Amino acid sequence: MPEENTIDDDAWEDDPRRVEFVEQFALIRELAGSARMEGRVLGYLMVCNRPYVSSAELARALSASAGSISSTTRRLIDLGFIARHAVPGDRNHYFKVDDDVWGSFLAGERRSLNKQQQIFEQMLAELPEGMPGPAKRLRNARNYFEWLASYHRKMLADWQEYRDKLDKEDGE
């Protein structure tokens, strides 16, 4: 017998609580500097009960164009928030969100930090002699991203330890 609060996937799709969460999450992400559609897609995937969703389903559920969904999902993949999901024999694009989306984001963000550090390192190596101002700024930028990347490793480890402790307490 189903639990009293159980809802089927079709009913959940139009549930006002889910719809409100997606829109509120999108607004919060927009205030943090992300595109609102990124927040809508990520929010939708976070509260979706299915393990993966097609780009056509995202477009339909969010009343968005295929182009908007395509560019948004590419960006969210690049940022480490979502992943592609392959269905054997199916040519559609499917997407899913990791159960620990924020830990996945943190790990992906570290890759970006490393790329930024490398570009400063490269320019520093190519900088002509006798340019102390740019050299100092580039060294500081390189050193900052090196420091930040090392801190991200510690932060990710601390997060995973904290998450696992809470999961254990919750009986997961």
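Visitor: In which helix does M155 lie?
Guide: This is a predicted model, in which local features need pLDDT of at least 70, side-chain atom pairs count only at pLDDT 80 or more, and totals for chains, interfaces and linings use all residues. Residues are numbered from 1 along each chain as its sequence is written, and side-chain values use heavy atoms, leaving out hydrogens and water. Helices (H or I, at least four residues) and strands (E, at least two) are DSSP runs, numbered from the N terminus. By this assignment, M155 belongs to helix α7.

Visitor: Which class, buried, partly exposed or exposed, applies to M155?
Guide: Buried means under 20% relative accessible area, exposed over 50%, and partly exposed in between (1.4 Å probe, protein chains only). The relative accessible area of M155 is 30%, so the residue is partly exposed.

Visitor: How many salt bridges are found in the whole structure?
Guide: A salt bridge is a side-chain nitrogen of Lys or Arg within 4 Å of a carboxyl oxygen of Asp or Glu. A search of the whole structure gives a total of 10.

Visitor: In which helix is E121, the partner of R142?
Guide: R142 and E121 form a salt bridge, with the closest N and O atoms 3.4 Å apart. The pair links distant parts of the chain, 21 residues apart: R142 is in helix α7, and E121 is in helix α6 (residues 101-126).

Visitor: How far apart are K165 and E169 in terms of helical turns?
Guide: Their salt bridge has its closest N and O atoms at 3.8 Å. K165 and E169 are 4 residues apart in helix α7, so their separation is about one helical turn.

Visitor: What is the phi of S63?
Guide: S63 lies in the loop between α4 (55-62) and α5 (66-79), and its 69% relative accessibility places S63 in the exposed class. Most residues other than glycine have a negative phi. S63 is not a glycine, yet its phi is positive, at about 50 degrees.
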